[in-house]
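I opened this notebook to keep a record of what I looked up in one structure, going from the whole chain down to single residues. Each entry takes up one topic.

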Amino acid sequence: MPDSAHFPRVGVAVADDALRTQLPRWLFDERMRAVDDVDAADLTAVLVDAATWPALRDSAAHRRVPWIVLGAAEDWQWRLQALRDGAGLFVGAPVTRDGVLRALRAAGVEPGAIPPKVLLAGPDDTAGRVHAAALRAAGFDVHEVREPPVLCAAIARAEVDVVVLREGLPGASATDLMHLLRADAAHDGVMLLAIVGGPQQMHSLPAGASVLLEPVDAPALCAAVGDRALRRRRWVAAGAALQRMLAMHEQERCALDAHALVSVTDAQGRIVYANDHFCTTSGYTRDELVGRNHRIVKSGVHPPDFYAEMWRTISAGHVWQGELCNRRKDGQRYWVTTTIMPIRADDGRTRQYLSIRTEITAQKQAQFALAQQLERLEQMSRLARVGSWALDADTQRVHWSDETYRIHGLAIGSEIDLDRAIAHYDGNDARQIVRSSVQAALRDGQPIEFELPLRTADGERRWVRVIGKAERENGRVVRLSGAIQDVTAFKQAALALQAARDEADRANQAKSEFLSMMSHELRTPMNAVLGFGQLLELDIPVASPSHAHVQEILRGGRHLLALIDDVLDLARIDSGRLVLSPEHVGLSEIVHDVLRLAQPLAARRHIGLRVDVDDTLAVHADRLRLRQVLMNLLSNAIKYNVEGGRVGIHARRGEAGHVRVEVTDTGPGIPPDRQGELFQPFQRLGAERGPIEGTGIGLAIVRRLVEHMHGRVGVDSAPGRGSTFWFELPGSDEATSDSGWGHSALATLPSMPDRRVLYVDDNPSNLRLVEKIFERWPGIALLTAQDPGVGLELALAHLPDLILLDLQMAPLNGFKLLARVRQEPGLRAVPVIAITADAMRRTVEQVREAGFDAMLTKPFDVRAFIATVERALRREGDTA
C-alpha cells in the first residue's frame, strides 16, 4: 500500500455528494491526496465546484495556488469574472475523471512534481535581488544569470519553465536577448518575460512578447511568472499527453498490422499504402501494390454486381463490410472479412478509403467442408429416407428437418406442433403409443423407440421407425431430439419375405407329406413282394429251378427298394430335412462292416478285396451315413469292375486334420471329359444300356452326404487304368471304442410258448404276410384285425403280450390307437411296435415321441422282423 503522506495535497470543496465521494478516489489512484481544508498549508491546487466557488473566491484571491472550478458554466462573462476573482482553470460539465486529471496536470500538479523553474537574467543589483527573493518566497525554483554567453546553456541545463530578462546585462539589452532566444527553435517551449524601463522599449520587442515595466512590485512579478509557468506546464502536459496518445496509436497500429491486412487508397481507388501483412498475404511487394487498383487481387469469384454495390456504398460515404475472396500473386485464393471506411477531408469530400481485412481462409475452408458434409448428409438422409426432429420441453415447439417434412408429405417449413405431428399416425392405438412415449421421455428421460404406420398429408400410408433421446439441463429434461426413418420399403420387403417364408414352409410341409405318402405307398406293396418272396425262398428247395426264380424276384424287389430308398434320401437332402448325428467313428469298424455286406457280391464276380486301414484312424461323422457312403462306393467299384478284378480300400491322414479314404478299382476307367457328370443325379455315363443294374443316384447322394458332414469327395480316373473314388472327412482324436459285432437273426425260430401277439393293419396283404411268418413260429398265437376299433376290442379281450400297429390306418391311425391302448390299465405295460412304410426321419421322431417301443419299416426284412419281435416278447416275459 503506497504511503499517501508523501502525495501532493489537493484541496477539495464541492457541494455535489457524488463528486465529493469520487474525487478522493480519483486523486488517490493518481498518487495524490484530497484535503477538505482549502486553507491548509502546502496545497498544490484547489478543486471547487461552481456551487461552492462564490463562497471561496475571496480565499482564492489571496492563495497563490491554482484554483480549478469544476462544472463551470459555459457563460463567458461568468468565467471572466471568475478569472478576475482568482480562478485559474475550468472543467466543464459533465465532470469526468480524465477532465479533472488533465486540469491538475495543466496546473503542474503531479506525483513528485517540482516547483516551476525560473531563470532570472539581469545585473546583480538591488532590484534583481528583490525580484529573486520574491519569486523564491512564492515557491519558484530561481536560478540567476549575470552574463549573456551562459544564458542559453543555463536554459538547457536547468530545463527552465520561465526566463525573466532584465535590462542591464553587459553587451545586450533585454529586447536583444528576447529576439536571440526566439530565433532558436530549441527554446520554443520556454516562456519569456521581459522587464523594461519604459514604453519606448516595448516597441522593439518580438510580436506577442510578454513584458513588465519598471518598477515591478513583487505580487505583480509573481503573478506574471506564475501565469507563464502555468502555461508552460500546460504546454508540457499537452505535449506529454500527445506523445502518450501517439505512442498508444503506434501500439494500436502495430497490433492492427500484426492482425489485419491494411491498405489505403486515394479517392480514385489507387493504393497509396499497404502494410506488411497485406504484402505477405497477397504475395506482392509494396512497390507492386502502390499505385495499382485492388483489382490486382481480384479472384473472379464474385459477380460484377457485388463490386458495383460495394463501390456505391463507399462512394456515398458509408462503411462497407463483407467477405471477399481474393487471389494471391501465385494464383491461390484466400478469403478475408473486410471493412472499408471512407476518410473525409475538411470540405466533406472523400479523399481516401481505409480498408481493414482479416484473413479467414481457414474458417471458410472449414465452412465449405461443413457445408459439403451437411449436403452429403442431406443427400444420404434423402437416400436413406432419414429425417431429424426436436421438441422443446417448455414451449412444445417442434422442429423438423427437410426430409422429415418429405416423409410426412408436407411442404418444407409448414407450421407444425406436437399435436399435429401425432395426428399423422394411423389409428388411435398408434397415436396413443406416440403420445405415451413422448410423455415418458419428458417426464423421466426415457429413450423413444417405436415403429408405427402414419398417413401423409395426401393420405398415403407409410411405416416409420422413430428413435429419440432426452437432453437435460440441471437434471431437468429440456429437449427431445431424434430421427425418423421411412421404413415402408423394408416393411413391405419383410412382409413379402415372411409371406415367402410361410409359402416355403407350406411347400416343405407339402413335400414332406408327399415324401411320407410316397414312402408308404411304395414300400407297402414291396412289403408283400419281398415278404412272400422270402417265405417262398425258405419253402422251396435250393436245387429246385423255382428257387432261382424266387431269387430273381427278390433281387428285383431289393433293387426296386434300393431305388426307392435312394430317391427318398436324395429328396430329404435337397429339402434340407436330413438330420445328422455326428460322432467319433472308427474307420476300421465301418470298413469291415461294409466288407461283410459286399463280400457275396464280390465273390460272384471273383473280385479280390484288399483293405489298408489303420485301426487308429477315426473320423467325426454320422455313423449310418458314413456306412452308406462306403457301401455305395464299394458296390460301384465291384459292379463296374472287370471280371476277376481287384478293389482296394485305403485310408490315411490328409491335410488340415482330415482323413482321406480311397476306393480303388481295376475297371475300364472314366474319360476326363465325363468325370464332371459322375455326381449328378441319374447319370450312369451309358451304363444304363448294359446288364449292370443301377439307378444313377448313388454318387449324387455320396457327394451330398459327404459335404453335409463337412467333407469333400472326388475321383481320379483314366480310360484303361481304373478309377479311384475318394472322400475326406474331419478326423477325430477320441479313443476308438469297439462297439462289437451284432449277430444275425436266428436261422431257426426260437420257441416262445404261450405268447399272444396282436397285429392291426388295414392292408390284407400285410396281414397275410405276418400270418405266414407266425405260422412257422411255434408257441405264438397271432390275432389280427383290419379295423382299428376291432383291434382295440381284441386287445382288451385277450390282453396280448405284444401289439403290432400299422401307422397308416383309418379312421384311427396308429398314433391315436396307441393313445387309446395306453389309457387302458390292463394294456399300459404291453410293448407296442410301430409298423410303417414311411421311413422319413420325421416319422421316426414322431414314433419315438409317441411312446412306441420299437419300429419296423416296410417292406420287412424277415430276419430283422423276427429279431425285433423276439426282443419285445423276451422283455415282456422278463417283466411279467
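The entries below follow the order in which I looked things up.

**Entry 1, the whole chain.** I began by noting that this is a predicted model. I counted its secondary structure next, which comes to 26 helices and 32 strands. I then looked up burial and found that, of the 880 residues of the chain, 42% count as buried. For the contacts with a separation of 6 or more, I noted that residues 24 or more positions apart account for 61% of them.

I listed the buried residues of helix α4, which spans residues 97-106, and found Gly99, Val100, Leu101, Ala103, Leu104 and Ala106. I then asked what covers these buried residues of α4. The cover includes the strands β1, β3, β4 and β5 as well as the helices α1 and α9. After α4 comes Gly108, and I wrote down that its phi is positive, near 85°. In the loop between β5 and α4 I found Pro94, and the peptide bond that leads from Ala93 to Pro94 is cis, with omega near -5°.

**Entry 3, helix α7.** In helix α7, residues 174-182, I found Ala174, Thr175, Leu177, Met178 and Leu181 to be buried. These residues cover an arc of only 165° around the axis, which puts them on the same side of α7. I reminded myself that an α-helix has 3.6 residues a turn, so residues three or four places apart point the same way. The partners against which the buried residues of α7 pack are α6, β8, β9, α8 and β10.

I turned to helix α24, residues 814-823, whose buried residues are Gly814, Leu817, Leu818 and Val821. They cover an arc of only 105° around the axis, which puts them on the same side of α24. These buried residues pack against β28, α23, β30, β31 and α25. At the N-terminal end of α24 I found a cap made by Asn813, with a side-chain oxygen 3.1 Å from the backbone nitrogen of Phe815.

How many aromatic pairs does a search of the whole structure find? It finds eleven. I looked at Phe774 and Phe865, whose ring centres are 6.1 Å apart and whose planes stand at 80°, so the pair is edge-to-face. Phe774 lies in helix α22 and Phe865 in helix α26, so the pair ties together parts that are 91 residues apart in sequence. Both Phe774 and Phe865 are buried. I also recorded one aromatic cluster formed by Phe306, Tyr307 and Trp320. Turning to charges over rings, I found Lys364 over the face of Trp335, at 4.5 Å from the ring centre, and the charged end of Lys491 over the ring of Trp463, 4.3 Å from its centre.

Is Asn275 buried or exposed? It is buried, with a relative accessible area of 0%, and it is found in the loop between β12 and α10. The side chain of Asn275 reaches the backbone oxygen of Ala260 at 3.0 Å. Leaving aside neighbours within four places in sequence, Asn275 is in contact with Asp257, Ala260, Leu261, Val262 and Arg286. I next looked up His547, which lies in helix α18 and counts as buried at 6% relative accessibility. Not counting residues up to four places away in sequence, His547 touches Glu537, Ile540, Pro541 and Val542.

A search of the whole structure for disulfides finds zero. I noted that Cys222 is buried at 14% relative accessible area, and that Cys279 counts as buried at 11%. Most residues other than glycine have a negative phi, and I therefore wrote down two exceptions. Asn474 has a positive phi near 55°, lies in the loop between β19 and β20, and counts as exposed at 85% relative accessibility. Leu799 has a positive phi of about 45°, lies in the loop between α23 and β30, and is partly exposed, with a relative accessible area of 43%.

Notes:
Residues numbered from 1 in each chain as written. Predicted model: local features only at pLDDT ≥ 70, side-chain atom pairs only at ≥ 80, totals over all residues. Heavy atoms only, no water. Phe/Tyr/Trp six-rings, centres within 6.5 Å; stacked < 30°, edge-to-face > 60°. Helix = DSSP H or I, 4+ residues; strand = E, 2+ residues; numbered from the N terminus. Buried < 20%, exposed > 50% of the residue type's maximum accessible area, 1.4 Å probe, protein only. Lys NZ or Arg CZ within 6 Å of the ring centre and 35° of its normal. Arc of directions from axis to C-beta. Contact = heavy atoms within 4.5 Å. Polar contact = N/O pair within 3.5 Å; in protein donor to acceptor, adjacent residues only side chain to side chain. Disulfide = S-S within 2.5 Å.
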